[in-house]
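The following exercises concern a single protein structure.

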Amino acid sequence: MSASSETPMDESLSAGVSKKAAKKEAAKQEKLRRRQEAAAEVAISSLDVEDDPLSANYGDVPLSNLQSKEAKNIENWTQVGSLTGELKDKYVLLRGRVQTIRAVAKKMAFLVVREKGFTVQCVVSEQPELVSRQMVKYVVGLSRESIVDVEGVVSVPNVAIKGATQQVEIQVRKVYCISKAMPTLPINIEDAARSEAEIEKALLAGEQLVRVNQDTRLNYRVLDIRTPANQGIFRIQCQVGAIFRQFLLSEGFVEIHTPKLIGGSSEGGASVFRLDYKGQPACLAQSPQLHKQMAICGDFGRVFEIGPVFRAEDSYTHRHLCEFTGLDVEMEIKTHYSEVMNIVDRLFVKMFDSLNENCKKELEAIDRQYPFEPLKYLRNTLRLTFEEGIQMLKDGGVEIDPLGDLNTEAERKLGQLVLEKYGTEFYILHRYPLAVRPFYTMPCYDNPTYSNSFDVFIRGEEIISGAQRVHVPEFLAERAQACGIDVKTIETYIDSFRYGAPPHGGFGVGLERVVMLFCGLNNIRKTSLFPRDPQRIAP
């Protein structure tokens with residue numbers, strides 16, 4: 001199930017608990033830091049070549065060796081995620097971050113190394129002519145999140161390894177630190193990767209664990225995105241973009257790149273970032289809408305774009321950002337705007353199938369920290385008219401304006417009703433009232449109160465808005481004026497339809513919102529790498 005958004009009261013309570021736990025954790029980390037520094041000093045004092053004939057097998061790599069000094073075969077490297085029992089007794093070379101270090105007496109230490117969300121346990125044990133006691137001390141003195149190169153032999157233990165994703169161990173022969181992390185980090189990856197269930201379970205047992213709140217995560221995002229769940233989220237986001245592009249290319253679409261600096265508003269309304277462009281008033285594009293339509297007038301037939309979108313709205317919700325990644329499509333229509341909905345249908349069913357099949361490890365990593373139910377969807381996507389949706393809401397006891405837009409509460413309620421009746425969390429609602437759609441939307445032929453438009457929903461929240469466009473220039477100018485847009489600012493756009501324009505339509509998708517809802521997450525900031533909202537413009 002999708003987790004619900006935190007209320008202000010929840011936030012304040014959790015913040016109070018977090019502060020106490022954070023102080024306790026800070027003291028713990030300071031103690032650990034002093035112990036590590038002491039261990040490091042002991043190690044350093046012992047690392048004399050004369051005292052240790054094996055000193056060449058470990059140590060800090062000098063900068064000169066990291067300045068692309070020599071090109072070597074990178075095929076010799078093994079990724080942590082590829083370490084399996086099939087590599088037993090093989091000698092491997094790997095690079096990763098120090099996740100945890102655990103000393104066992106003076107002759108042995110366990111080092112967990114992490115790469116791209118996968119972890120492996122490395123055993124550093126004193127052995128004649130292979131591993132010295134000084135090398136064990138050196139490893140114990142490493143700071144967490146430092147980057148190390150490890151060489152060793154793969155072994156398969158008789159019991160399951162609980163502290164790592166890979167069920168093999170590396171019997172370490174060499175270890176070199178190529179980048180040191182500061183001894184005390186602003187947030188610990190272990191804390192940032194903890195689920196709410198773990199925190200609540202600990203509280204019931206009388207133990208307080210650190211809860212890293214959202215602002216702290218975003219302030220130190222470069223650390224936060226190292227968690228397994230975040231690694232999964234952004235690898236899935238990558239796949240969403242790749243599937244979108246590959247599917248559309250296979251359907252004869254051409255990828256385009258439109259300007260983000262424009263002379264007038266592309267969507268209308270006040271939610272636009274205005275700026276000075278060499279003495280002329282300009283805006284950041286609210287969408288590529290105008291230019292992708294102009295591309296259709298330029299005879300490309302079918303186009304798409306993946307690019308930034310800017311909205312200056314003061315929305316402090318769980319699903320709005322001031323900058324997000326738009327996945328936009330525009331295409332000629334032969335007879336009916338259902339042709340556009342057909343593309344939406346096949347594209348997203350293909351996308352969901354591919355993610356479920358090819359991103360199992362990533363979805364599992366997300367589910368461990370943010371539990372969710374797999375998305376329910378049909379092979380042929382359900383389509384309802386807006387009037388049918390309104391009737392379902394009325395039958396469900398919801399009072400609603402039949403010609404108004406759906407608010408967040410109504411969207412969620414309709415999503416619940418659709419799931420109960422049709423068994424799907426993904427559906428299309430079309431023939432919206434014209435009054436709630438942008439100026440370039442084509443009215444219905446049989447009732448101009450409604451329009452040839454549609455929205456698409458996942459888990460009761462809108463992810464796509466699309467429609468057939470007005471391609472008659474005089475009518476387009478009339479619609480723009482009716483929506484309060486200065487026609488002079490979009491003259492080049494309207495003029496492009498004066499040279500002959502085919503009937504066409506399209507849609508826009510918010511990448512971050514798709515990932516958020518597919519993965520059942522409760523906040524879009526979790527799916528934006530470095531989010532921009534009304535209160536955040538850094539890091």
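Helices (H or I, at least four residues) and strands (E, at least two) are DSSP runs, numbered from the N terminus. The model is predicted: local features need pLDDT of at least 70, side-chain atom pairs count only at pLDDT 80 or more, and totals for chains, interfaces and linings use all residues. Residues are numbered from 1 along each chain as its sequence is written, and side-chain values use heavy atoms, with hydrogens and water left out.

**Exercise 1. Overall description**

Task: State how many helices and strands the protein has, and characterise its extent, burial and contacts.

Solution. Step 1: the count gives 15 helices and 17 strands. Step 2: the C-alpha trace spans about 90 × 55 × 50 Å along the principal axes. Step 3: buried means under 20% relative accessible area, exposed over 50%, and partly exposed in between (1.4 Å probe, protein chains only). Of the 539 residues, 51% count as buried. Step 4: a contact means heavy atoms within 4.5 Å. Among contacts with a separation of 6 or more, 71% come from residues 24 or more positions apart.

**Exercise 2. Aromatic pairs**

Task: Determine how many aromatic pairs a search of the whole structure finds, and classify the pair of Phe348 and Phe426.

Solution. Step 1: a pair of aromatic rings is described by the distance of the centres and the angle of the planes. Step 2: rings of Phe, Tyr and Trp (its six-membered ring) pair if their centres lie within 6.5 Å; planes under 30 degrees apart count as stacked, over 60 as edge-to-face and the rest as tilted. Step 3: the search of the whole structure returns 12 aromatic pairs. Step 4: Phe348 and Phe426 stand 5.8 Å centre to centre with 35° between the planes, and the pair is tilted. Step 5: Phe348 belongs to helix H9 (residues 338-358) and Phe426 to strand S14 (residues 426-430), so this pair ties together parts 78 residues apart in sequence. Step 6: Phe348 is buried, with a relative accessible area of 1%, and Phe426 is also buried at 1% relative accessibility. Step 7: for Tyr493 and Phe497, the ring centres are 5.2 Å apart and the planes lie at 90°, so the pair is edge-to-face. Both Tyr493 and Phe497 are buried. Step 8: ring pairs also link Phe348, Phe352, Tyr377, Phe426 and Phe518 into a cluster.

**Exercise 3. Backbone features in loops and at the chain end**

Task: Locate Lys116 and Arg459, and decide whether each is buried, partly exposed or exposed.

Solution. Step 1: Lys116 is in the loop between strand S3 (108-115) and strand S4 (118-125). Although not a glycine, Lys116 has a positive phi of about 55°. Step 2: with 42% relative accessibility, Lys116 is partly exposed. Step 3: Arg459 occupies the loop between strand S15 (453-458) and strand S16 (461-468), and has a positive phi of about 50° although it is not a glycine. Step 4: at 16% relative accessibility, Arg459 is buried. Step 5: the peptide bond from Ala538 to Pro539 is cis, with omega near 0°, and Pro539 is found in the segment after helix H15 (511-518).

**Exercise 4. A loop residue**

Task: Which loop holds Glu373, and how far is its C-alpha atom from that of Thr184?

Solution. Step 1: Glu373 lies between helix H10 (360-369) and strand S13 (382-385). Step 2: its relative accessibility is 43%, and Glu373 counts as partly exposed. Step 3: the C-alpha atoms of Glu373 and Thr184 are separated by 37 Å, the two residues being 189 residues apart along the chain.
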